[in-house]
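Here is a short note for a colleague who is opening this structure for the first time. The points below go through its pockets, cavities and cores in turn.

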Amino acid sequence: MNSLVLEDSPRPGVTVLTLNRPDKRNALNVPLMQALCGAVKRVSEQDGQRVLVFQGAGPAFCSGLDLREAQDSSMSGASVELVRTMLESVYRCPCATVAAVHGAALAGGAGLMAACDIAIASMDTTLGFPEVQRGMVSGLVMTFLRRQLHERHARELLLLAESISAERAAELGLINQAVPADMLGATVERCINGLLKAPPGAIRETKALFDALWHHPLGADLNMAHGVHAKMRETAEAQEGMRAFLDKRPPAWLD
């Protein structure tokens with residue numbers, strides 16, 4: 001069985017983590033998130049690591065949470081905890097983190113992207129946060145969006161829940177650049193080259209200061225968002241929304 005997260009070190013100080021569940025558009029299930037958290041922790045603790053790149057195998061970067069698993073009451077608790085752990089571990093990683101995005105980055109997949117320091121997407125990418133239309137709340141992801149976007153733009157993305165183009169995402173500040181698909185690799189490489197010009201200590205302290213200067217530390221915001229995220233996962237609306245999505249039908253509240 002292939003590893004759910006492929007790890008590659010193309011050159012000293014740089015690690016590339018590839019989400020490797022392409023048949024499910026890299027949907028975030030418990031095993032994948034466990035593997036990703038473990039890989040981020042391992043890379044973060046290695047001396048000499050300076051840049052960590054996230055990408056997706058197959059047609060999409062990441063389509064978000066595995067809703068079939070999220071409906072399983074025996075797995076829901078672990079899934080909630082791992083979403084938080086995954087996003088927080090990426091955000092707090094002492095390396096500079098880069099999301100190389102293609103195809104789709106939706107819901108938790110867009111959240112993973114938002115937790116990175118820099119996000120570069122190909123122009124064929126669709127991005128969005130559809131959770132509210134499935135009876136859920138993008139609580140944990142909102143913690144990061146509030147740090148990055150104008151509130152009007154964050155409300156537009158989370159309340160309308162419409163998918164947007166990479167060009168629109170760049171206009172809003174959700175990503176740093178939207179580039180032609182055949183230029184994604186070269187653009188990410190140029191970004192890596194720029195990051196490698198800075199010493200690791202300066203990168204680490206700069207990242208820590210971003211969190212310290214925010215009026216609420218990340219941990220406090222995540223604690224509050226975690227409670228809302230976990231509560232909403234168990235509501236009748238969320239259960240119906242997930243069932244409707246999996247059944248490819250409108251949810252009952254649209255009847």
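**Notes on pockets, cavities and cores**

1. Start with the largest pocket. It has 23 lining residues, and those nearest its centre are Tyr-91, Cys-116, Asp-117, Gln-148 and Phe-210. The elements that supply two or more residues to this lining are H4, strand S6 (118-122), H5 and helix H9 (200-213). H9 gives the largest share, six residues. The volume of the largest pocket is about 570 Å³, and its lining divides into 15 nonpolar, four polar and four charged residues. Please keep in mind that this is a predicted model.

2. The second largest pocket has a volume of about 440 Å³. It is lined by 15 residues, and Lys-24, Ala-27, Ser-63, Phe-245 and Leu-246 are the closest to its centre. H2 and helix H11 (236-247) are the elements that give two or more residues to this lining. By type, the lining of the second largest pocket holds six nonpolar residues, one polar and eight charged.

3. How many cavities of 30 Å³ or more are there in the whole structure? A search finds two. The largest cavity has a volume of about 180 Å³. Its lining has 17 residues, with Leu-65, Ala-107, Gly-108, Glu-131 and His-229 nearest the centre. Two or more lining residues come from each of helix H5 (139-148) and helix H10 (218-233). The largest share, three residues, belongs to H5. Nine of the lining residues are nonpolar, five are polar and three are charged.

4. The second largest cavity has a volume of about 30 Å³. Glu-156, Leu-157, Leu-160, Ala-161, Glu-162 and Ile-164 line this cavity. Helix H6 (residues 151-160) gives the most to the lining, three residues. The lining of the second largest cavity is made up of four nonpolar residues, two charged and no polar.

5. Leu-158 also lies in helix H6. Is this residue buried or exposed? Leu-158 has a relative accessible area of 10%, and it counts as buried because that value is under the 20% cut-off. Apart from residues up to four places away in sequence, Leu-158 touches Phe-129, Val-132, Ser-138, Met-142 and Leu-145. Ala-208, 50 residues away from Leu-158 in sequence, is 27 Å from it in space, C-alpha to C-alpha.

6. In soluble globular proteins, nonpolar side chains tend to be buried together. Here the largest nonpolar core has 61 residues, and Phe-54, Phe-61, Met-113, Leu-127 and Leu-174 have the most contacts inside it. Helix H1 (residues 30-44) contributes the largest share of this core, eight residues. A second, separate core has 16 residues, including Val-53, Val-98, Val-188 and Ile-203.

7. With neighbours within four places in sequence left aside, its contacts include Ala-105, Leu-106, Met-113, Leu-174 and Ile-175. Leu-127 is also in contact with Glu-162, Ser-163 and Ile-164, among others.

8. H1 has 15 residues and spans 21 Å from its first C-alpha to its last, close to the 21 Å expected at 1.5 Å a residue. Its buried residues are Val-30, Leu-32, Met-33, Leu-36, Cys-37, Ala-39, Val-40 and Val-43. Among the elements that cover these buried residues are strand S1 (5-11), strand S2 (14-19), strand S3 (51-56), helix H2 (67-70), helix H3 (73-92) and helix H4 (108-115).

Notes:
Residues are numbered from 1 along each chain as its sequence is written. This is a predicted model: local features need pLDDT of at least 70, side-chain atom pairs count only at pLDDT 80 or more; totals for chains, interfaces and linings use all residues. Side-chain values use heavy atoms; hydrogens and water are left out. On a 1 Å grid over the protein atoms alone, a cavity is a set of points where a 1.4 Å probe fits but cannot get out, and a pocket is an open set with protein on both sides within 12 Å along at least five of seven lines; lining residues have an atom within 4 Å of a point. Grid points are joined across faces, edges and corners, and a volume is the space filled by probe spheres set on the points. Helices (H or I, at least four residues) and strands (E, at least two) are DSSP runs, numbered from the N terminus. Ala, Val, Leu, Ile, Met, Phe, Trp, Tyr, Cys and Pro count as nonpolar, Asp, Glu, Lys and Arg as charged, and the others, Gly among them, as polar. A nonpolar core is a set of buried Ala, Val, Leu, Ile, Met, Phe, Trp, Tyr and Cys residues joined through side-chain atoms within 4.5 Å. Buried means under 20% relative accessible area, exposed over 50%, partly exposed in between (1.4 Å probe, protein chains only). Contact means heavy atoms within 4.5 Å. The expected span of a helix is 1.5 Å times one less than its number of residues.
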